[in-house]
Amino acid sequence: MTLPSYMPTIVDAIYFIAAVLFIWGLKRMSSPRTARRGIVWAGGGMAAAIIVTFFLPGIHNLGWMIGAIVVGVVISWIVGRRVPMTAMPQMVALFNGMGGGAAAAIGAVELIRFNVALKLVTTTLPVQPQAQATAAGHLGATELTLAFVGVLIGAVSFTGSLIAFAKLQGWMDRRFVFPLQRWVNLAIFIAAVVCGALALAAGIEGHAFAWGLLIAFFALALVFGIAMTLPIGGADMPVVISMYNAFTGLAVAFEGFVLQNEAMIIAGMVVGAAGTLLTQLMAKAMNRSLGNVLFGNFGAGGGAAQQEIAGALKPIDANDAAVMMAYAERVAIVPGYGMAVAQAQHKIWEFAKLLIERGVKVKFAIHPVAGRMPGHMNVLLAEAGVPYDLIEDMDDINPEFPNIDVALVIGANDVVNPVARTDKNSPIYGMPILDVAKAKNVIVIKRGRGKGFAGIENALFYADNTRMLYGDGQAAAGELVTGLKTLDA
Amino acid sequence: MITGFLALYIFMLAAFTGYEIISRVPVILHTPLMSGSNFVHGIVLVGAMVALGHARTSIEIAIGVVAVLLAAGNVAGGYVVTERMLEMFKTSKSEKSANK
């Protein structure tokens with residue numbers, strides 16, 4: 001294929017436009033009004049960047065390339081279309097892991113090519129630094145270093161994200177914890193860094209490095225991603241996924257530098273920074289420091305010292321609960337991930353609409369980490385058709401709880417547990433919670449007597465003003481609707 | 001050619017941009033935005049194509065194909081998932097205006 005000589009300039013120009021569109025798109029995505037168009041802008045930039053890449057000079061293996069793109073796109077498209085909204089966090093983890101793996105693989109190809117060229121020169125010619133430098137192509141010391149760092153980060157993000165995906169998908173519901181785990185992980189990490197550094201040092205000096213070193217570096221980096229993620233509990237997974245998202249961004253930026261590709265550098269770096277901030281915001285909302293998430297032993301130990309909870313669980317049936325809310329002045333609905341799992345959000349919204357028709361003031365109270373990620377619950381409620389103005393953030397609604405007649409908790413547990421304020425020995429002590437316990441009456445819809453995601457007993461359920469409505473979320477919500485309707489009949 | 005301090009400037013400015021974009025986002029958009037940024041680093045596909053496009057030996061081609069495959073999955077999956085989430089915000093808004 002002969003291409004006009006100005007083609008690389010056009011490609012660079014398109015990359016530049018793509019980078020602008022990514023930033024513009026992300027900016028638009030930061031407001032609900034423009035969010036949807038934001039992803040379309042970014043998508044347009046992406047499509048343009050991918051298409052012009054075919055026209056770069058010296059591109060071979062087009063058959064393989066198009067085949068791999070088609071297969072990858074079709075599979076992901078179908079999977080992405082089909083998964084339920086509740087499974088979004090793990091889908092983000094999965095796709096993010098793929099990006100990290102791709103970045104690591106790019107690094108692998110570049111390093112292999114570099115080494116092959118170097119080996120060729122050192123075996124055929126006497127020592128000639130100049131010739132070696134030419135053979136090594138564009139990889140100087142900085143590029144080489146960033147190639148290794150990018151591979152390390154990308155590989156960790158790859159396997160780590162896959163483990164996170166498996167955990168959230170429920171394929172791996174146990175945490176794997178063993179003594180000295182931290183030190184074993186540290187040893188794996190150091191071993192990976194040492195292997196990489198040895199190969200890197202050789203490469204910078206112009207000697208070819210042993211293939212064994214490179215392979216060991218890759219294997220150790222991949223294993224480290226697994227080892228690092230295994231001991232982290234499911235409740236902390238969103239923070240970890242967000243962190244790996246930032247990791248992949250960084251890996252992409254570094255490999256972009258190796259390939260001298262501006263679009264990759266800018267897009268990767270923007271994501272790296274944005275992901276880092278998002279990770280901090282999430283960790284803060286859950287009252288966990290990042291170090292705590294990664295190296296802490298959440299839920300392990302401390303259990304014995306927790307305060308005993310006095311009181312009994314008091315059940316209520318759906319009709320009584322419906323009547324109670326029908327004659328209330330103000331009702332707050334506190335949804336949690338359990339509601340989404342039970343697919344109860346549509347029924348709950350139907351119930352809320354009936355209450356509103358009766359003149360009850362209904363609000364939805366959302367904890368920052370309700371669902372499995374900040375904002376996840378808002379997406380799920382939006383799916384059911386709940387308008388924005390009925391949804392209140394924790395900080396806005398907390399002072400109002402003493403004036404609320406009935407708080408209906410559905411599928412939420414840890415985020416309404418008053419223990420977080422009262423019991424210093426509790427693992428969730430200090431976590432910001434919704435002050436549901438201060439409402440005049442509390443109704444909790446719950447499937448059984450199990451504990452929350454964090455495995456901690458909930459004092460709210462035993463409070464004097466709390467009634468338990470047992471049942472599957474969707475069925476219970478349906479009964480509430482029926483209860484209201486019979487009231488009017 | 002991007003070298004040394006020029007690269008550092010690009011890294012710094014891009015990082016600052018990313019930080020600024022996120023810092024003004026309401027909590028309700030955190031999940032879609034994380035998904036959106038996940039889509040944006042799908043630009044790795046371009047790099048994977050370049051790596052595969054220049055691959056000569058069969059091992060390079062094999063790894064290059066894996067890179068393109070994974071990156072293509074990142075792009076397509078990231079887009080679909082983000083779009084689906086954001087679409088819901090649209091329907092809720094139009095329904096709201098229909099109610100009023």
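Reader: Hi! Which side chains does K347(A) meet in a salt bridge, and at what N to O distance?

Author: The partner is E350(A), with N to O at 3.4 Å. A salt bridge here is a side-chain nitrogen of Lys or Arg within 4 Å of a carboxyl oxygen of Asp or Glu. Before we go on, this is a predicted model, where local features need pLDDT of at least 70, side-chain atom pairs count only at pLDDT 80 or more, and totals for chains, interfaces and linings use all residues. Residues are numbered from 1 along each chain as its sequence is written, chains are lettered from A and ligands numbered from 1 in the order in which they are written, and side-chain values use heavy atoms, with hydrogens and water left out.

Reader: Thanks! Where do K347(A) and E350(A) lie?

Author: Both are in helix α14 (residues 345-357) of chain A, 3 residues apart, about one turn of the helix. Helices (H or I, at least four residues) and strands (E, at least two) are DSSP runs, numbered from the N terminus.

Reader: What about D435(A), which residue does it pair with?

Author: D435(A) has a salt bridge with K438(A), at 3.5 Å from N to O. D435(A) counts as buried, at 10% relative accessibility. There is also a network: salt bridges with shared partners join R36(A), R81(A) and E83(B).

Reader: Switching to helices, how do α8(A) and α9(A) pack?

Author: Helix α8 (residues 211-229) and helix α9 (residues 237-258) of chain A pack at about 155 degrees, with axes 12 Å apart. Axes are lines fitted to C-alpha atoms, for helices over the stretch in contact, and angles run from 0 to 180 degrees between N-to-C directions. The two helices are therefore roughly antiparallel, a label for angles over 145 degrees.

Reader: Which residues meet there?

Author: From α8(A), G225(A), M228(A) and T229(A) meet M237(A), V240(A), M243(A) and Y244(A) of α9(A); contact means heavy atoms within 4.5 Å. The residues of this contact divide into 5 nonpolar, 2 polar and no charged. For those classes, Ala, Val, Leu, Ile, Met, Phe, Trp, Tyr, Cys and Pro count as nonpolar, Asp, Glu, Lys and Arg as charged, and the others, Gly among them, as polar.

Reader: Nice. Where is I59(A), and what does it touch?

Author: I59(A) sits in the loop between α2 (35-53) and α3 (62-82) of chain A, and is buried at 12% relative accessible area. Leaving aside neighbours within four places in sequence, I59(A) has contacts including M65(A), M49(B) and V50(B).

Reader: Last one: is T466(A) buried or exposed?

Author: T466(A) is buried, with a relative accessible area of 0%. T466(A) belongs to strand β6 (residues 466-470) of chain A, and beyond four places in sequence its contacts include K314(A), V442(A) and F461(A).

Definitions and conventions: Parallel < 35°, antiparallel > 145°, perpendicular 65-115°, else oblique. Buried < 20%, exposed > 50% of the residue type's maximum accessible area, 1.4 Å probe, protein only.
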